[in-house]
Amino acid sequence: MTDKTILRALRGEALPRPPVWMMRQAGRYLPEYRATRARAGDFLSLCYNPDLAAEVTLQPIHRYGFDAAILFADILLLPQALGADLWFETGEGPRLSTTTTPAALRALKGRDDIHDTLAPIYETVKILRRELPGETTLIGFAGAPWTVATYMIAGRGTPDQGPAHALKAADRATFAGLIDLLTEATIEYLSKQVEAGAEVVKLFDSWAGSLKGQDFEDFAVAPTARIITALKARHPGLPVIAFPREAGAGYIGFARKTGADCVAIDNSVSAEWAATHVQVDGCVQGNLDPRHMVTGGPALVEATRAVIRAFRGGPHIFNLGHGITPDADPENVALMVETIRNG
Ligand SMILES: Cc1c2[nH]c(c1CCC(=O)O)Cc1[nH]c(c(CCC(=O)O)c1C)Cc1[nH]c(c(CCC(=O)O)c1C)Cc1[nH]c(c(C)c1CCC(=O)O)C2
């Protein structure tokens, strides 16, 4: 049995103080990240450069001593490995070639043909397992099929995932075929990350909240359950964190329905509500409002303590409700960590 605090929480232990890491902890709010990214040239070159990707993954660990490191990569590398074009428009976000027709779906590669493109990511994982402090847990990740599909269908981020909902209504077979391919490719991708040394994997379903009713069951719950079942069959005991962001009432029972060991909670629901309705089934992760990393002060300390208090009765990994933003102040992160560790 291992003593790493994150793994203990994932096994269902309530710890005297919660272990902590942050979504997007390696990112633009850190001057050392901006310097390494400039050396790499651009964001995608950084993702595909194992030495530099490992370097930025380690930066927040060295600065704050977080209990977990998350592999530095992106959820949109998988569509790229499947053959979609991917680029980032400065100041705007990702752009992809679109997959909205049966012909475009057929033109994508198969689930087993992704590893040439993704080999540098597995190399980053290997370097990290060598270089991380012994007490730090390494988290691998992928996007959940629905969220990745929303970008592949629209060719970019969208406020309401309109193009993906439209394809789901207009051409169910193509839509479902894309979800299936992504489900199968994600199993292969995460399996390789685990073989390379990832100790936990996390599925980011950032747009799960826009799936309602039966759609939520079919396209958020079912693909997640399929991925988790397949991964645990191949890697017995592998802990999985699921993040169906803004699922609201959909958070209730999500761990039971999918087999996830931990459900990450966004900050649109209160920690008290999540403790009552979600933590009853096991570990939860979250859910401090990321704005506190910008605004700081006594309100940050109070809100941090309130999250800890709400989740104190059960297994909890402290995190933000979503990624830290580029305008955050690194000093506020230090204050949050100190508050968690010293009360
Ligand atoms: C939707 C999504 C993406 N990527 C991701 C999600 C799901 C989580 C979420 O909801 O935020 C997940 C992600 N993206 C990144 C990581 C690395 C690990 C981490 O530190 O959390 C992870 C886990 C690095 C990144 N991914 C991106 C950056 C910023 C790139 C830069 O340095 O310019 C980082 C550090 C770029 C990215 N990547 C994506 C978008 C929409 C953008 C542009 C928006 C932005 O710039 O923040 C797609």
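The model is predicted.

Start with the helix pairs. Two packed helices are described by the angle between their axes and the distance between the axes. Keep both values in mind for each pair.

Look at helix α10, residues 172–196, and helix α11, residues 213–234. Their axes come within 9 Å. They cross at roughly 30 degrees. Angles under 35 degrees count as roughly parallel, so α10 and α11 are roughly parallel to each other. The crossing of α10 and α11 is right-handed. Which residues of α10 and α11 make the contact? From α10 come Arg172, Phe175, Ile179, Asp180, Thr183, Glu184, Thr186, Ile187, Glu188, Leu190 and Ser191. From α11 come Asp215, Asp218, Phe219, Pro223, Arg226, Ile227, Ala230, Leu231 and Arg234. Sorted by class, the contact of α10 with α11 has nine nonpolar, three polar and eight charged residues.

Now move to helix α4, residues 50–64, and helix α7, residues 115–131. Here the axes are 8 Å apart. The packing angle is about 50 degrees. That makes α4 oblique to α7. The crossing of α4 and α7 is right-handed. On the α4 side, the contact uses Pro50, Asp51, Ala53, Ala54, Thr57 and Leu58. These meet Pro120, Glu123, Thr124, Ile127, Leu128 and Glu131 of α7. The contact of α4 with α7 divides into seven nonpolar, two polar and three charged residues.

The next pair is α8 and α9. At what angle do their axes cross? The crossing of α8 and α9 is at roughly 95 degrees, and the axes come within 8 Å. Angles of 65 to 115 degrees count as roughly perpendicular, so α8 and α9 are roughly perpendicular to each other. Helix α8 brings Trp146, Thr150, Ile153 and Ala154 to the contact. Helix α9 brings Pro163, Ala164, His165, Leu167 and Lys168. By class, the contact of α8 with α9 has six nonpolar, two polar and one charged residues.

Stay with this pair for a backbone detail. Most residues other than glycine have a negative phi, and most peptide bonds are trans. Find Gln161 in the loop between α8 (145–154) and α9 (162–170). Phi of Gln161 is near 55 degrees, a positive value in a residue other than glycine.

The bond from Gly286 to Asn287 is cis. Its omega is near -20 degrees. Asn287 is found in strand β8, residues 283–288.

Finish at the ligand. How many residues surround the ligand? There are 22, and the closest are Arg24, Tyr33, Arg37, Asp74 and Ser206. Take three of these in turn. Arg24 uses its backbone: an N or O atom there lies 2.7 Å from an oxygen atom of the ligand. Arg37 uses its side chain: a polar atom there lies 2.5 Å from an oxygen atom of the ligand. Asp74 has a polar side-chain atom 2.7 Å from a nitrogen atom of the ligand.

Methods. Residues numbered from 1 in each chain as written. Predicted model: local features only at pLDDT ≥ 70, side-chain atom pairs only at ≥ 80, totals over all residues. Heavy atoms only, no water. Axes fitted to C-alpha atoms, helices over the stretch in contact; angles between N-to-C directions. Helix = DSSP H or I, 4+ residues; strand = E, 2+ residues; numbered from the N terminus. Parallel < 35°, antiparallel > 145°, perpendicular 65-115°, else oblique. Left-handed = near helix turned anticlockwise from the far one by under 90°. Contact = heavy atoms within 4.5 Å. Nonpolar A, V, L, I, M, F, W, Y, C, P; charged D, E, K, R; others polar. Near = heavy atom within 4 Å. Polar contact = N/O pair within 3.5 Å; in protein donor to acceptor, adjacent residues only side chain to side chain.
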